[in-house]
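Subject: Structure handover

Hello,

Here is the structure you asked for, with notes below on what turned up in it. Please keep it open while you read.

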Amino acid sequence: MTSIRIVDLEKRFGATKALSDVNLVIEKGEFFTLLGPSGCGKTTLLRTIAGFYRQDRGEVWLGDERVDEVPAYKRDTGMVFQNYAVFPHMTVFENVAYGLRVRKLSKADIDRRVAASLKSVHLEGYEKRTPDQLSGGQQQRVGLARAMAIEPRVLLFDEPLSNLDAKLRVEMRDEIRAVQKQLGITAVYVTHDQEEALVVSDRIAVISAGRVQQIGAPWDVYKDPANLFVASFVGKVNLLDAELGASAGAGLRHARAGGLDLVVPDPMNPSGNSVKLAFRPEDAVEDPSAENENVLAGIVADSSFLGAVASLDIDCSGKRLVIERHRPRAGEVPPPGSSTSFAVPPRCLMVFDGATGERLRPATSSTDGGWK
Amino acid sequence: MSARSLSSAPRRADIWTLVTLGGFALVIAFLVYPLADVFRYSFTDKETGVLSLSNWAEFLSKKYYIRAFLNSMFVSLTITFFSVLLGVPLAFFTTRYRIRGSALLNTVAVLALLSPPFIGAYSWITMLGRNGFLRTALASVGIQLPPIYGALGIILADSLQYYPFVTLMTAGALTTIDRSLEEASENLGASSYRTFFRVTLPLVLPSVTGGALISFMMSLSNFGTPMIIGGNFLVLPTLAYNLFTSEIAERPGMASTVSLILMICAAVVIGLQQWASSRRKYASMLVNRPIRKDLGGLSSVLAHLVCYAIVALSALPLAVVVFFSFKNTNGPVFVPGFGLESYRQIFFDVPKTVTNSFLYSFAAVVLIASVGTMLGFVVARRRTLAVKFLDPLLMIPYIVPGTVLGIGYIVAFNRKPFMLVGTATIIVMTYFIRRLPYSVRSAASILKQIDPALEEAGINLGSPPGRTFRTVTLPLMKAGIVSGAIMSWVTSMNELSASILLYVGRTMTMPIKVYLSVLDGYFGTASAMSTILLVVTGIALYLVNRWTGKSGASVVVAA
């Protein structure tokens with residue numbers, strides 16, 4: 001069990017900066033996810049930790065050891081690859097034993113550890129199979145068993161589920177999570193799938209354009225995004241350009257977004273009156289009454305029934321907004337063309353700086369900060 | 001992730017740094033150094049010995065030289081034309097329609113392609129030469145044929161040898177076109193005729209061009225065929241050879257100039273080929289492989305006729321050679337009856353020639369496979385600045401015809417520090433260097449199909465780079481390396497154009513013996529020796545087939 005520390009890291013490929021100013025501390029035994037769109041630098045960061053890339057600036061620490069000059073094969077990190085990278089010319093047993101043989105373990109130890117690793121990924125009895133006899137999911141289990149078998153200081157996952165079908169992905173992610181907790185090993189997990197990140201992680205670093213945008217628990221990243229990028233990358237969000245107006249009392253403020261008059265949390269130190277407002281589709285209140293503020297009316301442009309929720313695409317004075325209705329009952333999904341109305345509670349509206357996209361938090365308690 | 005190709009090389013020196021350095025040493029000693037001599041000779045005045053353009057001025061001013069250049073262009077272009085004319089229909093019919101025995105047709109075509117580069121020439125002489133049996137037979141019924149010596153003979157022999165390049169590359173493209181593309185065209189209302197010309201042909205055109213350019217390249221640098229059947233019709237390789245070896249007026253400077261002109265032509269052609277193949281990006285999303293259709297009635301008969309006629313014509317010279325090898329001879333004269341006399345002569349009179357050929361090719365192949373694989377790894381996986389310089393240097397032999405390399409070697413290795421002329425080493429090095437770029441390229445392309453993540457997995461699990469290469473990369477490359485090595489062995493066994501300049505009595509090889517026997521009119525010995533070479537080539541092709549489960553065809557194209 002080892003912590004990982006990244007200090008002022010910078011990595012360039014030719015003229016392009018793949019990573020800059022990356023500072024992270026990943027605690028012992030933590031399941032830490034690097035989340036971001038493709039090309040954001042998350043894989044580069046993982047490969048720098050593994051030693052496949054040498055950073056241009058900054059430090060990488062595994063526990064108390066600074067590993068900048070340690071070649072990849074001496075770093076003792078167990079990596080699980082996106083396309084499995086199971087050796088096609090070896091049996092399942094030989095694959096899992098590979099790293100143990102490199103470490104010159106006794107035959108008895110190798111047998112024992114291979115068996116234990118295969119058991120924890122539910123592949124007992126598959127020792128003699130070759131990879132071409134395995135499904136994608138099974139191959140990835142071999143990849144996981146192989147990485148675990150060497151009892152590495154940290155486990156590194158490079159989008160391990162992206163080549164699997166949807167059902168298997170859910171199954172495997174739960175299994176990865178279970179194995180990691182059982183071993184208590186530090187894990188760094190790269191993914192572009194925000195749902196996957198929310199489910200498996202202890203903490204998430206959201207990365208964009210080579211920079212860490214926010215580090216936090218899944219709850220914080222989703223409910224309290226640090227900037228517009230995090231808000232829109234993690235989960236769905238409705239965005240409105242708005243001008244701040246006069247105070248509305250009780251830590252609230254008026255804002256005008258196009259033709260809509262809204263009341264929003266009064267932000268601390270806005271750099272100007274031009275802001276962006278955001279709210280999540282599930283935060284719209286279905287049944288607006290007189291007590292509710294921010295009641296919006298519009299025409300349903302499109303509606304889709306997704307089982308647990310119905311998603312409505314609503315045209316509000318020329319602005320398209322998406323809201324969700326939970327557990328819709330028969331006749332509750334309005335057809336396109338019908339008019340409807342909903343409310344957005346002020347505390348559900350997040351305010352961002354219009355120019356920088358940085359979050360402008362209210363002076364009083366954070367929006368929706370606790371369990372409702 | 002695209003960044004992977006930029007995978008920054010480790011800063012520490014490892015085994016691959018050593019390989020890169022070794023690659024540079026090899027290229028400088030056995031390529032740059034001898035070719036520098038060719039340059040030096042070409043730009044040195046023969047009288048005064050000072051730097052001068054006199055050789056070039058002479059080349060451009062004398063009809064004799066210009067004619068050889070034009071001859072080269074003429075025969076190469078004509079051969080290319082016929083290669084396409086024969087190669088494309090054969091490829092289309094065998095890949096798109098059910099042709100009985102198409103596997104056999106394929107094998108025979110590849111055998112013709114890989115046969116020693118002059119068997120065709122002298123076989124046509126035995127058929128249509130001055131006393132050729134076909135000519136005599138036809139003359140007896142009143143049909144007079146034009147003389148075979150000269151351009152006609154070269155074109156005949158080489159077209160029938162090189163068309164399989166076009167066939168193989170075109171067939172390769174035709175079998176990897178997604179069937180859905182043609183189906184889409186027909187679904188949109190195009191007739192199958194229109195579909196062929198608007199969809200299929202444009203998709204395979206880059207491959208046809210690629211095959212045609214290889215044919216051009218091979219005929220341009222071919223030495224054996226024009227030497228045997230060319231008569232007074234000089235082309236650039238034979239001109240260079242004559243200028244260099246002529247006992248009356250040895251002209252190394254002029255021979256070097258001709259060599260450089262050959263290399264320039266070859267470089268232009270290679271450039272065109274690279275350009276053509278860089279445009280071949282169509283066959284990427286292969287979902288539905290094309291299927292062979294059944295042809296009915298007359299069209300089936302016609303298609304079979306075309307395919308069998310083409311392949312039979314190219315197999316004819318080989319068959320004639322095998323036939324004559326079993327005919328009894330008395331010195332240079334064939335006498336009635338059949339026997340193993342010609343083979344007996346080889347094994348009793350020149351057994352060393354046979355053992356030399358096997359020994360030298362074997363030694364060369366060991367070098368080619370091991371060095372080529374390691375350099376291929378460096379080229380494919382370690383794109384350091386040094387490797388980016390090394391890569392194009394390694395490709396130089398592509399544009400150096402055998403004759404040119406031979407001239408360079410004689411000049412450079414006939415003095416200190418490398419006194420190699422007359423040794424077996426120089427022959428082995430010739431085979432090795434001539435084949436090296438193919439081996440490096442083939443290793444690199446095998447590596448491109450091996451996910452780098454596999455090697456990273458090995459490294460990540462604690463295995464150092466050398467051990468990872470041995471335990472992960474090499475086993476995955478094995479099939480490709482072995483089949484490539486067998487192909488290299490075949491080409492080394494059949495090498496003539498460089499070794500003809502470098503051999504001495506005790507380092508004579510089979511192709512040289514065949515060539516000399518043909519010159520002396522000992523067709524029996526030549527036929528028997530050629531038959532041995534053919535059988536060896538056939539066995540090698542069979543082995544490649546067994547080893548990779550692919551036909552030798554795909555290996556030829558890959559190489």
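Start with helix α4 (residues 136-149) of chain A. At 1.5 Å a residue, its 14 residues should span 20 Å, and its end C-alpha atoms are 20 Å apart, so the two agree. Bear in mind that this is a predicted model. α4(A) is mostly covered, with 12 of its 14 residues buried. Among them are Gln138(A), Arg141(A), Leu144(A), Arg146(A) and Met148(A). The buried residues pack against β6, α2 (92-102), α3 (107-120), β7 (154-158) and α5 (166-183) of chain A. Just after α4(A), Glu151(A) takes a positive phi of about 45 degrees.

Most residues other than glycine have a negative phi. Asp21(A) is not a glycine, yet its phi is positive, about 50 degrees. Asp21(A) sits in strand β2 (residues 16-26) of chain A. Asp21(A) has 13 other C-beta atoms within 10 Å, so it is partly exposed. Asp76(A) also has a positive phi, near 60 degrees. Asp76(A) is in the loop between β5 (65-66) and β6 of chain A. Is Asp76(A) buried or exposed? Asp76(A) has 21 C-beta neighbours inside 10 Å, so it counts as buried.

Next, the domains of chain A. The assignment gives domain 1 (4-228) and domain 2 (236-353). Their centres, taken over C-alpha atoms, are 39 Å apart.

Chain B is also divided, into domain 1 (64-314) and domain 2 (326-559). Here 22 Å separate the centres, again taken over C-alpha atoms. The contact between these domains takes 33 residues from domain 1 of chain B and 30 residues from domain 2 of chain B. Elements giving two or more residues to the domain 1 side include α4 (102-114), α7 (151-176) and α12 (252-278) of chain B. α12(B) gives the most to that side, with nine residues. By class, the domain 1 side has 24 nonpolar, nine polar and no charged residues.

The nonpolar cores come next. In soluble globular proteins, nonpolar side chains tend to be buried together. The largest nonpolar core here has 154 residues. Which of its residues touch the most other members? They are Ala240(B), Val258(B), Ile407(B) and Phe432(B). α7(B) gives the most to this core, with 14 residues. The core draws at least three residues from each of domain 1 and domain 2 of chain B. Take Ala240(B) as an example. Leaving aside neighbours within four places in sequence, Ala240(B) is in contact with Ala255(B), Val258(B), Ser259(B), Leu262(B), Thr403(B), Val404(B) and Ile407(B). Another core, of 105 residues, lies apart from the largest one. Its members include Leu62(A), Leu155(A), Met172(A) and Val264(A).

Now the contact between the chains. It takes 22 residues from chain B and 26 residues from chain A. On the chain B side, α19 and α20 are the elements that give two or more residues. α19(B) has the largest share of that side, six residues. By class, the chain B side has 13 nonpolar, five polar and four charged residues.

α19(B) is followed by Gly462(B), whose phi is positive, near 105 degrees.

Last, confidence. The model scores ipTM 0.81 and pTM 0.77. Chain A has a mean pLDDT of 90, and 96% of its residues reach 70 or more. Over residues 366-372 of chain A the pLDDT is below 50, and this stretch has 11 contacts in the model beyond near neighbours in sequence. Chain B has a mean pLDDT of 85, and 92% of its residues reach 70 or more. Over residues 1-10 of chain B the pLDDT is below 50, with 12 contacts beyond near neighbours in sequence. Where pLDDT is low, the predicted coordinates should not be read in detail.

Best wishes

Key: Residues numbered from 1 in each chain as written. Chains lettered and ligands numbered in written order. Predicted model: local features only at pLDDT ≥ 70, side-chain atom pairs only at ≥ 80, totals over all residues. Helix = DSSP H or I, 4+ residues; strand = E, 2+ residues; numbered from the N terminus. Domains from an automatic or database assignment. Contact = placed C-beta atoms within 7 Å. Nonpolar A, V, L, I, M, F, W, Y, C, P; charged D, E, K, R; others polar. Core = buried A, V, L, I, M, F, W, Y, C linked by C-beta atoms within 7 Å. Buried ≥ 20, exposed ≤ 12 C-beta atoms within 10 Å, placed from the backbone. Expected span 1.5 Å × (residues − 1). pLDDT = per-residue confidence, 0-100.
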